[in-house]
Amino acid sequence: MVKMAGNNSYTIVEYFGGDDGYRCGYCKNDKGNFSHGMWSHTMTVQDYQDLIDRGWRRSGKYVYKPTLKKTCCPQYAIRCHALKFQPSKSHKKVLKKMTKFISKGELPEGQEHGDPMDSVCEGPREPMKVCPSELKCAAGTDVGRDKAESLPATEAQKESTVPPPASSQASQKDPVCVLSDSKAPKPGDGADPSRPPCRKAKDLRKERRLHKEQTRQHEVSLIKPTPTYTNQPKPLEDFFSESLADDASHRLEVRLVPVNFEDPQFAASYQQSAALYARYQMAVHGDDPSECSESEFRRFLCDSPLEAEFSPDGPEVGYGSFHQQYWLDGNIVAVGVIDILPTCVSSVYLYYHPDFAALSLGSYSALREIAFTRQLQKQSPKLSFYYLGFYIHSCPKMRYKGQYRPSDLLCPETYTWVPIERCTGLLDNSRYARFNQDPDAGDNRALKDVGRALVLHRRTVMPYVTYSGKRKGASDEKEVQQYASLVGQHCAERILLYRS
C-alpha cells in the first residue's frame, strides 16, 4: 500500500462513471437504475465515512452512488440517532418474540416468512407486516378499556366482577319514584300499594351522594398503590438481557469477528458462515447456486477495502469491517455484516438460517446493532449514529427503515442531514427532492479547483494539474471533474484517483 507522511495510508480508487443503466432490484425496470461507481483497492475508514456522508455505499470493494435525478427508484442515505432511539411497538414485538423463543423454545406459528430488514444492501425486501387479527384484538381491547373507564360508577359496576357494597345493592332495590309504568294509578285512586312510598327529592339526592362516595371508596380499596417513581421507557438493552436466564431453553451468543482471514475466529467459522449465506440466498432471494458460491460470498461480504485501524479515542475493537455472528446453541444462525467507522456503525448486509425466519432476524439484528452502537459510543463519544443504507420512498415496501427513529435523510444537493419528518411530505409529491429548504444553501464541500485533486500515476502521487500537464492524448478533465464533484473536496484532496 502507498503510505503518506506520518505512516498514514492512502485510499486508492478507479472511477467508472455512471452513464449506463442496469436492472433495478426494486421496480424490476431493466435499464432504469443509474449510479456512479468506483473500485476501491484500499480505503481508510475516515475516507469511507466522508463518502457515505455524501451518499456513497459499498458492496464488497465496489463503491457506488445512485444518480438520484435519473434513477427509477431514488435511494436516499438514512441514519438513525442511536442514543435517542426508542423501540416502537412493532420493534418490541420482535424483541419479545425472540425472548420467548430463547426462554421457552417456542417458535412463532403461522407467521409469514419475510422480514422487512432482509438484506440490508442489495435486493428487494418484504414490507413490514402486522397480523390483521392482532390489530383487531388490540383495538378491541383498547376500546373496551376506554369504555369501562368512561362509564358512570353504577354502570361500570355492572361490568365488574367485584360485588358492589351492600348499600349499593339496597339502593338498586329501592328505585326512584318515576311514574313510567303503563298501569300508573289514576288521579284520586290514592297511593299505589304495589310501589314503595315516594320520598322527598332532598332525601334522594343525599342517598345518591352517599352511594357514590361508598362506591368510590370501594374501588379505591381494590387498586394497588402506584409506585412513586416516574414511568420511564424500558431501555433497549433490557430486552436483550432478558434472553440470558440460566434456565433458558436455548443459548444465544453474539460474537463480533473482524473480517480478517488471519483472525482465528473468522477463519474457524468461515465455511459454516459461507454455507449459511448460500442457504439464505437460495431460500429467501431465489438465487441459483452459482450466484451464491463460496467465491461470491468472499467477494461480496469478506473482501472489504477498509483498512483496520485503532485510535486512542476510538472503540476498543477498532475500526473496519466485521461480522456480527449470532450463535444459537453452538451453531451460526445469522450474520450481520457491519462497518465500524469514526462516527457510526454502518449496516452492510444480513443473512440467516431460513428455518428461523419467523423470528424476524432482520429486524432483531438491526435492533442489536443499534444497541451495539450505543455501547461503542461509551468508548468513543463521537460514534453515535447507526446507518441503515438507503431509504426508498417511491417503493412503499421499502419505507420500513423510516420506522427506526429519530432518523435523518441526506439532502442530495447540500449533503446535509435533515429529519425524516421534513422529507417524507416532499417525497410524496416527487420521487426526487431537495430536502434543505434554504435556497441559498449549497454544497459547502464542493471542490472548486479540480487541479487540486490527487491522482496516482505510475506509482507516483501528484495533483491533477501536474498529471494533466504530462498526459498525452485526449483530455480526461471532464471525467475527473465529475468524480471530484461527487466525492467532495476533502476526499478529492486525500483519495488517490488511479490514472494509467
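Good morning, colleagues. The structure before you is a predicted model, and I shall therefore begin with its confidence. The protein averages a pLDDT of 83, and 76% of the residues score at least 70. Where pLDDT is low, the predicted coordinates should not be read in detail.

Let me turn to the helices. How do helix 8 and helix 9 pack? Helix 8 covers residues 264-284 and helix 9 covers residues 294-302. Their axes are 10 Å apart, at an angle of about 110 degrees. Because angles of 65 to 115 degrees count as roughly perpendicular, helix 8 is roughly perpendicular to helix 9. On the side of helix 8, the contact is formed by Phe-266, Tyr-270, Ser-273, Ala-274 and Tyr-277. From helix 9 come Glu-294, Phe-297, Arg-298, Phe-300, Leu-301 and Cys-302. By class, eight of the residues in this contact are nonpolar, one is polar and two are charged.

I move on to the cysteines. How many disulfides does the model contain? With a limit of 2.5 Å between cysteine sulfur atoms, the count is zero. Cys-395 illustrates the point: its nearest cysteine sulfur belongs to Cys-73 and lies 5.8 Å away, so the pair does not come within the 2.5 Å that a disulfide requires. Cys-395 has a relative accessible area of 9% and is buried. Cys-491 is buried as well, at 1% relative accessibility.

Finally, I would draw your attention to two individual residues. Gln-377 is part of helix 10, which spans residues 361-379. Is this glutamine buried or exposed? Since buried means under 20% relative accessible area, Gln-377 counts as buried at 18%. Leaving aside residues up to four places away in sequence, Gln-377 touches Leu-83, Leu-383 and Ser-384.

Arg-422 sits in the loop between strand 12, residues 417-419, and helix 11, residues 424-429. Its relative accessible area is 53%; the threshold for exposed is over 50%, and Arg-422 is therefore exposed. Arg-422 and Leu-409 are 13 residues apart along the chain, and their C-alpha atoms are separated by 9.2 Å.

Thank you for your attention.

Definitions and conventions. Residues are numbered from 1 along each chain as its sequence is written. This is a predicted model: local features need pLDDT of at least 70, side-chain atom pairs count only at pLDDT 80 or more; totals for chains, interfaces and linings use all residues. Side-chain values use heavy atoms; hydrogens and water are left out. Buried means under 20% relative accessible area, exposed over 50%, partly exposed in between (1.4 Å probe, protein chains only). Axes are lines fitted to C-alpha atoms, for helices over the stretch in contact, and angles run from 0 to 180 degrees between N-to-C directions. Helices (H or I, at least four residues) and strands (E, at least two) are DSSP runs, numbered from the N terminus. Angles under 35 degrees count as roughly parallel, over 145 as roughly antiparallel, 65 to 115 as roughly perpendicular and the rest as oblique. Contact means heavy atoms within 4.5 Å. Ala, Val, Leu, Ile, Met, Phe, Trp, Tyr, Cys and Pro count as nonpolar, Asp, Glu, Lys and Arg as charged, and the others, Gly among them, as polar. pLDDT is the predictor's confidence in each residue, from 0 to 100.
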